[in-house]
Amino acid sequence: MRKRIFHSMLLLAVVTILTGAILSGAVAHAVLTERVHAEVRSEARIISRLLPEGGTQELFAEAGRANPATRLTLIAPDGTVLFDSVADPATMENHADRPEVQLAMQVGTGAETRNSGTLGSRTYYYAMKLENGQILRMAAASDSIWNIFFRQAGGLLAAMLPVLAFAAWLAQRQTRGIIAPLLTLDLEHPKENDVYEELSPLLLRMDRQREEIGRQIETLDKKQQEFTAITENMREGLAVLDGNLQVLSLNRSAAALFGVSADEVRGRYFLTLNRSEPLARALTRAAAEGKVGSAGLTMAGRSYQLVATPVRPERGRVEGVVLLALDVTEQKQAEALRREFTANVSHELKTPLTSISGYAEMIENGIAKQVDVVPFAARIHSEATRMIQLVEDLLELSKLDEREELPNNRSVSLLEVANRVAVRLGELADRRGITIEVTGSDKTVQGDPTLLEELAANLCENGIKYNREGGRVTIALSGDDAAPCLQVSDTGVGIPKEHQARVFERFYRVDKSRSKETGGTGLGLSIAKHIAQLHRAALSLTSEVGRGTTITVQFPTEQKQCPGEDGES
Amino acid sequence: MRNRFDEQLESLNNSLIRMGALCESAIANATKALLEGDRTLAGRAIEADSEIDQAEREVESLCLKLLLQQQPVARDLRQISSALKMITDMERIGDQASDISEMVMSVELDPAAHAIHIGDMARATIGMVTDSIDAYVRRDLALARRVIEADDVVDNLFLTVKSELLAGLKINPAEGEAPLDLLMIAKYYERIGDHATNIAEWVEFSITGVHKGELLG
C-alpha cells in the first residue's frame, strides 16, 4: 500500500515538474526568439542607415567582427554574394532563390526561420533591400525549444531528488495515517470504533458478519451440545473413527468399556485400545470394504455386540467408521435360560415317557408275566400322572408368565388360606409322619385366594417332601396388618448355601438324584415366585443344612402398593 | 499437517499391531482347539497362518521402503529396524500355532492334555505374547521386561510337562503317539515363549536403544 501511495505521489510530482518545465520552457523560448528577431531587425536597420551609398567592404567587416553572433551578408540584386562575415563570398552560391531575399526584393523586407544543420538551433534570416538595390541580410541563431529543455535538465534532475525523498516521506506518513486506525480497530465491536468515515461501510459490514457468525456458532454449539448430551448419556458405547481407524471421539460408555479416557486416546489407532480378532476384522471390513461389520466381545464378564458401520458419503471412499457397542449380557443370559429351559422340559417329559413306553412294550410283547401286568399298569399310571402334573405346572407357569395383573383381586384372609392348605396336604403329611401346624393371628391381604393358596401349598409341599421322618412344617402368620408376612418353615434337609440363589429357577434341583423319589416337577418354587411377584410380595429364603428351611413371603405395605411397582423377590 | 514420513511410520505401527493381533488369535485358537478338542478352531488357526505371512510381507516391504526412501535416523531408525526383527518372530509364532493345530487335527489329544500342565503352559505363553504386543502398543518398558522375565516360567513349565509325560510313559509304555505329540506341542509353546521374549527385547531396543544389555547403533 505504501509503495502504491509513494508511486502515485512520485508520478504526480514528476508530472507537475515536467509540465512546469515545458510551459516555462515554451514561454522562455517564445520570448527569447522574439528578442533575437527584434535585435536582428534593429541591427539590420541601423546598419542600413549607417551604410553609405555603395558601402565599403571594410565597414561590413567591421560590423561583422563587432557582433560575431550575427552573420552579415550583402547580396547583389542578381543574387551574387558580395560579402559575408563568416564565409568567403567567392565560394558561396547564388542567394537569389532564398525566400527572405526574394521577399526583400519584392516588398523591401523579408524574414525566414530555418533549421540549420545542427539540431537544436534555428537560424533567423532577415533581409532588407537597400536603396541601391542590394540586399542586406542578417542572420542570428536562436536556441530551439529542445535546447532550452536540455539546459534545464540538470536543474530538473537536481530538483527531483528532494521531491523523491519528500514523496517517500509523505507516502509513509499517509500510509501510517491510513493503517494506524485499522490496526487498532476493535473487531469485537466494529461499530464503536472512532475512525475516518471512509471505513464506516467496512465496519458496518463487519458488524453484520460478526452477528451472522455469532448466530451460526450458537446454532452449531447447540447442535453439538444436543449431540453430546445424547451420546454421553446413552448406555451404548459409541466410537467415531476416521478412515484409518484413528479415534476421533469416544462417548463416556465407550471410554469406560475400553478402560481409557476419551481425551487421551484421541487420534490413536483404534486397535491399540482393543485388538481382539473379531473386532479388528469387523473394523477393517468397514474401513476397507465399506461394509457393515459386527463382532461379539466379552469384557469384564459382560457380553457386547459391536457394530462397525462405514461412513461413506455418496458412494465415495470410506471416510470414517462408527462403532456402536451394545451390552447384550442380559439377552445372552435370557437366551441361555431359554435354551436351558427347553432342554429341561424335554428331558423331564422324556423320562416318564421312556418308562411308560418300556412297560407298555413289555406288556405288548407278552414278556411281562400275568402277575406283573397290574403293577406295571400302576407304574404306567403313576408316570402318566407325573407327566400330567408336569404339564399342568408348565401351563400354570406360562399363564403366570403372561399375566401382569391379578385375575381376581380382593381381600383374602391368610389364616383361611393356611388352614385350607393344612387340610389339603394333611394326607400327604400323614403318610410321611409329618405334622403341619398353623400359628399366628389372622392377617388380611389383597390378592387372589386361589393363587395365594397355590403359593402356600407349593411351599408346604416342598416342606413336606424334603423333610425327615416325624418332622414338622409350620405356617406362621406374622407382621402387622399393614405389612403381613407368611412364613413356611420345615425341619428338613435344608439347602446348601451355593444352591440357595438358584432354587427358584425352573427345574432347578439341589439333589438331582432325588427328584424321582420325591415326585416333584421342579417347578413348585418357580410357580411360588411368580405368584409372589404378581402380589408384589417379596420371597426370601433362609436355610441351614440338616436343620431346615424357612421361606418368607413378605406382602407389601398398603402405601407401597402402587401400581406398576415390581415386587422382585 | 503431518508429513509423509510420519504417516508411513504410523501406518507401519498400525500394521504391526494388526499382525500381533492375528498372532494372538491364532495361538488362542490353537490352544482352545488343543484343550477342548474343537477342530474348527484348529482349522481357523491354520488359515490364519497364511494371513500372518501376508501381513509379514506387507510390513517388511513397508519397512524397506521407509529405510530406503526416508533414510531415518535415531529413534525412527530403531523403530523401523525393530519392527523388521519383530515380524520375523511374529511370523514364527503363527507357524507354530499352525503346527500345534495340525497335530490337534490328526490326533485326539484333549483327554491326555488335561492330565498334565500343558494348559498352564499354554496360558502362560499366550499371556507372554499378549503382553509383548501390549508393551509394543503402549511403549511400556516395564511390561516388556516382565515378559522377558516370564520366559523362565514357561521354560520351567516345559520341564514339568516333560517329566509328567515321562512318568506317564513309565507307567503305561503302550500309550503310543499322544505323549510324543504332547511333548512336541509343549516344545512349540516353549518356542513361542522365546519368540515373545524376542519381541519384548526388540520393544526394549526401540525404546531405549539397548538390545540384550548391549547398546546398538
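How many residues lie between strand 1 and strand 2 of chain A in their hairpin?

I noted before looking that this is a predicted model, in which local features need pLDDT of at least 70, side-chain atom pairs count only at pLDDT 80 or more, and totals for chains, interfaces and linings use all residues. Residues are numbered from 1 along each chain as its sequence is written, while chains are lettered from A and ligands numbered from 1 in the order in which they are written.

**Hairpin.** I found five residues between the two strands, and G79(A) in the turn has a positive phi of about 100 degrees. Strands here are DSSP runs of E with at least two residues, helices are runs of H or I with at least four, and both are numbered from the N terminus.

**Strand 1.** I looked up residues 70–75 of chain A and saw that five of the six are buried, meaning that 20 or more other C-beta atoms, placed from the backbone, lie within 10 Å of a residue's own. Strand 1 runs antiparallel to strand 2 (residues 81–84), with three bridges, and antiparallel to strand 5 (residues 135–143), with six. I75(A) has V81(A) as its bridge partner in strand 2 and I135(A) in strand 5.

**Sheet.** I then traced an open sheet of five strands in chain A, with antiparallel pairing and the order 2-1-5-4-3, where two strands pair if DSSP finds at least two bridges between them. Strand 2 and strand 3 (109–115) are the edge strands, each pairing on one side only.

Technical notes. Buried ≥ 20, exposed ≤ 12 C-beta atoms within 10 Å, placed from the backbone.
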